[in-house]
Amino acid sequence: MGRFSQLETGDANSLKKGAAGSTKKAVNAPDQNYDAHYYCAEGDRLYAHGNFEKALRLYSRAAQTEKICIEAWIGQILCLIELKQMREAMVWATRAAELFPEEARIISLQGAVYASQGMTQRALGCSDYALSLGGFEPLIWVLRGIILSLADNSNAAACFSKAMEIRSADDWLTPMRIGLHLLREKKWQSSAEHLHAAAEISKSNDYLWERLGYANEALSLTNSAVEAYRAALQINSTNARAEAGLRRLCNTPFFTRIFRRILG
């Protein structure tokens with residue numbers, strides 16, 4: 001339970017220093033209000049760029065600051081799932097369900113954790129109950145799709161489609177979450193489609209472009225992969241995974257020239 005002691009008793013100053021550059025800058029601002037909303041917003045930013053460990057610490061801090069901040073609990077569980085810390089994810093999901101017994105997103109997250117542990121029927125029971133409480137949240141349908149996908153159920157695709165259908169036009173987190181899950185499942189084509197949809201909305205997110213590059217590389221779509229990796233590096237020249245992806249693909253004079261132009 002070492003992770004829990006760190007999450008629950010972390011020093012506020014160390015948490016502020018631990019976030020990425022823009023977080024550090026914000027923390028140093030004299031008029032910054034370090035409330036639960038602030039920590040959740042910083043956690044959301046880090047989560048969206050794939051910095052799940054740092055995001056987890058900030059969501060935890062938000063939950064400590066304001067115990068009934070539901071977005072902090074949801075953020076913690078989502079990060080733990082991405083980090084494959086399923087035992088801890090179950091503990092947090094159980095605690096959250098006690099605090100928010102009628103919150104459909106929490107119940108759905110609990111189901112996703114059950115599914116990751118092979119308890120498909122319990123997972124579907126959670127998902128069914130969450131939908132009975134109101135199936136208007138895209139996250140609920142994303143999580144149902146993940147549950148079915150982990151059970152090799154072909155209806156997963158319909159759930160992902162439903163999530164995409166009911167999301168708002170500027171919602172890129174929904175296709176990102178679907179794309180990242182499908183990437184883990186090595187369902188490259190569908191993953192690439194969803195990651196591309198996310199990146200086209202959140203154009204300045206180098207993490208999305210790098211992940212899209214990886215999916216396209218797995219599909220042997222070399223030109224598309226190079227373009228995505230290049231987009232990631234144009235946004236963030238220190239994106240090591242995008243740079244490594246380009247190096248893997250630069251085995252011809254043409255791509256070598258592209259690579260040299262990108263890195264200067």
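Reader: How many salt bridges does the structure hold?

Author: The structure, which is a predicted model, holds ten salt bridges.

Reader: Which residue does E82 pair with, and how far apart are the closest N and O atoms?

Author: E82 forms its salt bridge with R184, and the closest N and O atoms of the two are 2.7 Å apart.

Reader: Is E82 buried or exposed?

Author: E82 counts as buried because its relative accessibility is 17%, and the cut-off for buried is under 20%. R184, on the other hand, is partly exposed, with a relative accessible area of 34%.

Reader: What about R211, which residue does its side chain meet in a salt bridge?

Author: The side chain of R211 meets that of E210, at 2.8 Å from N to O. Both R211 and E210 are buried.

Reader: And R248, what is its partner?

Author: R248 forms a salt bridge with E217, where the closest N and O atoms are 2.8 Å apart. R248 lies in helix α16 (residues 240–249) and E217 in helix α14 (residues 206–218), so the pair ties together parts that are 31 residues apart in sequence. As for accessibility, R248 counts as partly exposed, at 44%.

Reader: Switching to helix packing, how do the axes of α13 and α14 cross?

Author: The axes of helix α13 (residues 188–201) and α14 come within 9 Å and cross at roughly 155°. At that angle α13 is roughly antiparallel to α14, because angles over 145 degrees count as roughly antiparallel. The crossing in which α13 passes α14 is left-handed.

Reader: Which residues make the contact?

Author: On the α13 side the contact is made by W188, S191, A192, L195, H196, A198, A199 and E200, while α14 contributes L208, W209, R211, L212, Y214, A215, N216 and A218. R211, whose side chain also meets E210 in a salt bridge, is therefore one of the α14 residues in this contact.

Reader: How many of the contact residues are nonpolar, polar and charged?

Author: By class, the contact of α13 with α14 has eleven nonpolar residues, three polar ones and two charged ones.

Terms used
Residues are numbered from 1 along each chain as its sequence is written. This is a predicted model: local features need pLDDT of at least 70, side-chain atom pairs count only at pLDDT 80 or more; totals for chains, interfaces and linings use all residues. Side-chain values use heavy atoms; hydrogens and water are left out. A salt bridge is a side-chain nitrogen of Lys or Arg within 4 Å of a carboxyl oxygen of Asp or Glu. Buried means under 20% relative accessible area, exposed over 50%, partly exposed in between (1.4 Å probe, protein chains only). Helices (H or I, at least four residues) and strands (E, at least two) are DSSP runs, numbered from the N terminus. Axes are lines fitted to C-alpha atoms, for helices over the stretch in contact, and angles run from 0 to 180 degrees between N-to-C directions. Angles under 35 degrees count as roughly parallel, over 145 as roughly antiparallel, 65 to 115 as roughly perpendicular and the rest as oblique. A crossing is left-handed if the near helix is turned anticlockwise from the far one by less than a right angle, and right-handed if clockwise. Contact means heavy atoms within 4.5 Å. Ala, Val, Leu, Ile, Met, Phe, Trp, Tyr, Cys and Pro count as nonpolar, Asp, Glu, Lys and Arg as charged, and the others, Gly among them, as polar.
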